[in-house]
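Hi,

Here is the structure I promised to pass on.

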Amino acid sequence: MPELPEVETVVRTLNSKVKNLTIKKVKITYPNLIKTDISIEDFENKIKGRKIDNISRIAKHIIFELQDLVLISHLRMEGKWFVFDSQTVYDTKHVEAIFELSDNKMMVYSDTRKFGTFHLQEKATFKSQNPINKVGPEPFNSALNGQYLLDIMSRSNKHIKTVLLDQTKISGIGNIYADEILFDSKIHPEKRASALNLEDYERILKSSKKILKRSIDLGGSTIDTYQPEQGIDGKFQNELKVHTRKNKPCYECGRIIEKIKVNGRGTYFCKECQFLY
Ligand SMILES: [Zn+2]
């Protein structure tokens with residue numbers, strides 16, 4: 001599943017390839033992709049002829065800005081965007097949407113698992129509508145600080161890792177990065193969110209920004225998303241300190257990294273460096 005750094009990488013790649021091109025024609029081949037209450041024909045017609053002004057991101061939602069409309073794409077498990085020259089022959093097996101663009105380009109959305117979604121909404125109001133209105137602020141939001149995290153997270157008695165993965169509280173932290181952030185901030189993943197203090201939350205925020213930024217700089221990680229076509233060539237995975245390192249020595253203290261399940265998610269941590277009490 002792509003996480004925030006990978007989605008940011010996809011957005012940058014798409015901007016470099018299709019920004020300012022015009023959508024000449026759209027063909028939706030998997031109608032369930034569209035989550036807006038609109039017929040496929042209407043969807044295709046509304047988008048046709050529009051220029052792609054910009055591609056941006058809110059948490060893990062990719063936002064295609066099409067004048068007064070936005071197309072919101074969420075990749076979920078396996079969604080992928082590809083850009084080809086229009087003559088290119090490609091494997092159509094998992095293709096769900098085909099966009100013919102100006103400049104003889106073709107933009108294709110493909111999804112082997114079929115969990116990805118499209119929403120088509122008004123640019124003026126989409127932030128107050130589902131799905132974007134449910135998205136919590138991301139670590140890079142300048143309004144976010146340790147006190148905010150303390151206020152919204154410490155009311156929960158769940159494990160801190162579970163709360164960090166709750167996208168309505170803070171967005172953009174997925175399973176890989178939650179492990180790395182908690183290792184960096186020296187907090188045990190099973191510590192209760194209610195047991196953490198302001199200083200802990202300040203450390204979590206600082207580590208979140210540091211680790212996500214580093215991963216974006218390196219083109220994300222590619223544990224299960226190796227997609228050089230989308231720009232994800234994933235050098236960050238070489239810098240993972242705990243995630244996927246079960247039974248290997250901790251880089252800080254030499255103790256063996258352990259793997260447990262936290263709320264069903266595989267979780268890697270160092271018992272020596274990350275304190276439970
Ligand atoms: Zn350690």
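Predicted model: local features only at pLDDT ≥ 70, side-chain atom pairs only at ≥ 80, totals over all residues.

Residues are numbered from 1 along each chain as its sequence is written, and side-chain values use heavy atoms, with hydrogens and water left out.

Strand β3 covers residues 61-66 (strands are DSSP E runs of at least two residues, numbered from the N terminus). Six of its six residues are buried, meaning under 20% relative accessible area with a 1.4 Å probe, protein chains only. His61, Ile63 and Glu65 lie on one side of β3, and Ile62, Phe64 and Leu66 on the other.

β3 runs antiparallel to β2 (residues 54-58), joined by five bridges, and antiparallel to β4 (residues 69-74), joined by six; pairing takes at least two DSSP bridges. Phe64 is the bridge partner of Ile55, and Ile72 that of Ile63. Each hairpin has two residues between its strands, with a positive phi of about 50° at Ala59 in the β2-β3 turn and about 55° at Gln67 in the β3-β4 turn.

As for the pocket, domain 1 (4-134) and domain 2 (146-269) both contribute to the lining of the largest one, so it lies between them; the bounds come from an automatic or database domain assignment.

Best wishes

Definitions and conventions. Buried < 20%, exposed > 50% of the residue type's maximum accessible area, 1.4 Å probe, protein only. Helix = DSSP H or I, 4+ residues; strand = E, 2+ residues; numbered from the N terminus.
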